[in-house]
Amino acid sequence: MSSSNPLKACPDKPNCVSTFSQDRRHSMLPLNFKGDQSESLQHLKKVVLSFPGTELLSEKENYLHFTFKSAFFGFIDDVEFYLEPNQKVIHFRSVSRTGYSDLGVNRKRMNAIVERFSHIHFAP
């Protein structure tokens, strides 16, 4: 973690995605937002909490930390968001707490979050 990257790096396993990662296996693009940063974070919070098995663990001015618990096996994934107001983007990291591979679950979930957030947030 550094001042330019407040989220931890992905471990050397295929069970993590991050907008700060330079590694193609782990990297994703950040969420763009428009308007007020507080409203954007509240919108993001609603979107994320709409997924089953989600719990908000921590909320700060520019940061949200959630856990996702799988229904069948009870695996827990950590998902963090960091809003960068000057760049108008929301960075994120999604990682499994246990195991080696997640069979693409974190990437699929983050793609779904990005789609829901962008669809509603940028709708006319």
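Here are legends for a handful of close-up views of this predicted model. Residues are numbered from 1 along each chain as its sequence is written, and side-chain values use heavy atoms, with hydrogens and water left out. Because the model is predicted, local features need pLDDT of at least 70 and side-chain atom pairs count only at pLDDT 80 or more, while totals for chains, interfaces and linings use all residues.

**View 1. The link between Cys10 and Cys16 is a disulfide.** A pair of cysteine sulfur atoms within 2.5 Å is called a disulfide here, and by that rule the count comes to one. The two sulfurs, from Cys10 and Cys16, sit 2.1 Å apart. Look along the S-S bond and you get -70°, a left-handed link. In general, a disulfide is a covalent bond between the sulfur atoms of two cysteines. Both Cys10 and Cys16 are buried (buried means under 20% relative accessible area, exposed over 50%, partly exposed in between, with a 1.4 Å probe and protein chains only).

**View 2. Strand 3 and strand 4 make a hairpin.** Strands are DSSP runs of E with at least two residues, helices are runs of H or I with at least four, and both are numbered from the N terminus. Strand 3 covers residues 54-60, strand 4 covers residues 63-69, and two residues lie between them. The pair runs antiparallel, joined by six bridges (strands pair if DSSP finds at least two bridges between them).

View 3. Strand 5 takes in residues 76-84, and its antiparallel pairing with strand 4 has seven bridges. Here Tyr63 has Tyr82 in strand 5 as its bridge partner. As for strand 4 itself, the strand is mostly covered, with six of its seven residues buried.

**View 4. Lys88 has a positive phi, near 60°, without being a glycine.** Most residues other than glycine have a negative phi, and most peptide bonds are trans. You'll find Lys88 in the loop between strand 5 and strand 6 (89-96). Its relative accessibility is 34%, so Lys88 counts as partly exposed.

**View 5. Leu103 is another residue other than glycine with a positive phi, near 55°.** This one is in the loop between strand 6 and helix 2 (105-121). Is Leu103 buried or exposed? Leu103 counts as exposed because its relative accessibility is 73%.
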